[in-house]
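The report that follows is written for a reader who is meeting this structure for the first time. Please keep the sequence and the model in view while reading.

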There are 2 protein chains.
Amino acid sequence: MARGLNRVTLVGTLTQDPELRYTAGGLAVMELNLAGTEFITDEQGQTREVPWYHRAKLLGKSAEFWGDNLKAGMALFVDGRLEYRTWEQEGQKKSSLEIRAERIEVLALEGKRGTVTVTDARGQERLRGGLNLVMLVGNLTRDPEVRYTPQGTAVARLGLAVNERYTSRQGAEQERTHYIEAQAWRELAEYAGELRKGEGAFFMGRLVNDSWVAQDGTKRYVTRVELVRLERLARGTVQSGGDGSQNGRTGKIDIEEGLEDFPPEEDLPF
Amino acid sequence: MARGLNRVTLVGTLTQDPELRYTAGGLAVMELNLAGTEFITDEQGQTREVPWYHRAKLLGKSAEFWGDNLKAGMALFVDGRLEYRTWEQEGQKKSSLEIRAERIEVLALEGKRGTVTVTDARGQERLRGGLNLVMLVGNLTRDPEVRYTPQGTAVARLGLAVNERYTSRQGAEQERTHYIEAQAWRELAEYAGELRKGEGAFFMGRLVNDSWVAQDGTKRYVTRVELVRLERLARGTVQSGGDGSQNGRTGKIDIEEGLEDFPPEEDLPF
């Protein structure tokens with residue numbers, strides 16, 4: 001599987017004062033609840049203001065460094081990556097996709113022309129003109145299927161397996177995979193329909209949260225990438241890696257995994 | 001000085017077959033000449049197609065890995081950073097700002113709707129709908145000065161010092177600084193005028209190459225960032241760093257440096 005690229009960049013305001021807490025193992029954890037809007041120009045040239053809410057996690061020394069200095073209403077630049085985790089709960093396999101913040105900066109908005117915050121329905125400050133950018137490189141976990149809304153708009157759901165290599169505390173080279181769902185509309189959806197499982201792809205888009213009621217009546221949530229750009233990676237340009245980092249194993253098991261917890265296609269509203 | 005963030009992401013076509021060469025010291029070097037256009041919507045809602053040409057350098061094993069597999073006309077995703085270098089030539093101090101590619105991927109454009117290449121005046125393939133994205137965090141090297149074009153449009157030039165920490169081959173913690181010039185227009189220029197030397201800032205924009213004839217009659221070139229977003233970093237949120245990586249020393253000498261080789265304000269056409 002291709003070496004993964006996994007980047008999330010957000011600019012938004014804190015909707016609440018973040019609290020520093022510690023896990024049982026003594027790891028500092030800080031949850032950052034961020035809100036922003038982006039101005040997006042659609043195909044008809046109309047500019048819409050799209051709000052978003054995301055939670056990012058800051059861990060360890062960085063969390064302790066910021067301590068109780070972060071307050072609701074502050075604007076932050078957050079740079080990090082998407083982290084896919086699985087666990088067992090009451091015999092059921094659960095999974096989540098979180099934003100792991102690797103770097104944050106407090107932005108000074110005072111006196112700034114153009115950018116302002118709006119107060120949302122819950123009384124929280126939401127940054128107008130925020131930033132919500134995701135870039136990923138990985139391999140498709142399935143053949144994307146193109147569907148159509150009742151209005152005839154093409155939409156495709158894509159799954160991407162993004163490989164991460166890291167060095168463990170014991171100094172061992174480790175590898176793990178993040179499973180990320182994405183959605184493409186219109187022409188991009190039609191193009192997605194030409195891609196096949198296992199292919200390498202470059203995703204660029206916005207992170208969105210979605211919820212729906214599944215067939216069993218329970219409410220489900222998913223964080224996914226709304227694609228603004230999708231590119232296939234060419235295959236077979238170079239057969240084997242000089243430094244081993246360009247092409248790794250093609251992990252069939254990795255690609256198969258991580259599907260169970262995403263909404264089955266039959267749960268989709270269209 | 002704040003820990004720097006330094007990222008360049010390009011999607012464009014190779015205008016020439018890149019050649020792998022070696023330095024006297026045995027380091028593999030590959031120069032990638034890339035061309036693309038971006039569709040940019042201005043304040044009046046007009047979409048313009050803006051062409052760009054940039055050269056990125058791929059070094060070491062990555063360069064050898066790609067070998068002679070890259071050909072003119074191929075579309076590439078390039079992820080890397082800006083590298084500022086200085087040297088002496090005939091007693092004169094010279095400097096350059098280069099794109100160091102850290103990762104490349106060949107994109108498969110065949111059968112793709114929407115994205116096509118155009119042949120430019122020199123017969124080179126230029127990707128329509130490329131990507132040219134720069135994100136930086138650093139400190140201002142001077143007070144930005146706002147000027148006005150004959151048409152009355154505000155423009156500001158900004159200098160940013162971006163700190164980089166790295167581990168040398170001998171395992172020592174090293175630090176160096178990249179000096180990067182930027183330009184802001186209209187409201188963003190007026191806002192830039194409120195910023196002061198030494199302040200931390202987040203820059204987001206497009207990389208552009210510019211050339212002009214200096215007062216001594218010689219032609220000068222500069223690579224700079226055309227800003228689409230500029231944010232001041234708040235000061236004094238936290239006084240000292242928990243892990244030492246959030247706030248380092250405020251290096252006055254670093255900030256003073258790197259100015260000599262950039263165009264003096266009097267060389268500007270307005």
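In the hairpin formed by S13(A) and S14(A), where five residues lie between the strands, A:Gly217 takes a positive phi near 85°. Strands here are DSSP runs of E with at least two residues, helices are runs of H or I with at least four residues, and both are numbered from the N terminus. This is a predicted model, in which local features need pLDDT of at least 70 and side-chain atom pairs count only at pLDDT 80 or more, while totals for chains, interfaces and linings use all residues. Residues are numbered from 1 along each chain as its sequence is written, and chains are lettered from A and ligands numbered from 1 in the order in which they are written.

Taken as a whole, chain A has three helices and 14 strands. Of its 270 residues, 36% count as buried, a residue being buried if 20 or more other C-beta atoms, placed from the backbone, lie within 10 Å of its own.

An automatic or database domain assignment supplies the domain bounds, and it divides chain A into domain 1 (8-130) and domain 2 (134-262). Twelve residues of domain 1 of chain A are in contact with twelve residues of domain 2 of chain A, where contact means that the C-beta atoms, placed from the backbone, lie within 7 Å. On the side of domain 1 of chain A that touches domain 2 of chain A, strands S4 (47-59), S5 (75-89) and S6 (92-108) of chain A each supply at least two residues, and S6(A) gives the most, with four residues.

The largest nonpolar core has 116 residues, among which A:Leu76 and B:Leu76 touch the most other members; such a core is a set of buried Ala, Val, Leu, Ile, Met, Phe, Trp, Tyr and Cys residues joined through C-beta atoms within 7 Å. Strand S9 (residues 131-140) of chain B provides the largest share of this core, seven residues. Leaving aside residues up to four places away in sequence, B:Leu76 touches several residues, including B:Leu14, B:Leu32, B:Ile104 and B:Val106.

Key
Two strands pair if DSSP finds at least two bridges between them. Two residues are in contact if their C-beta atoms, placed from the backbone, lie within 7 Å. A residue is buried if 20 or more other C-beta atoms lie within 10 Å of its own, exposed if 12 or fewer, and partly exposed in between; C-beta atoms are placed from the backbone.
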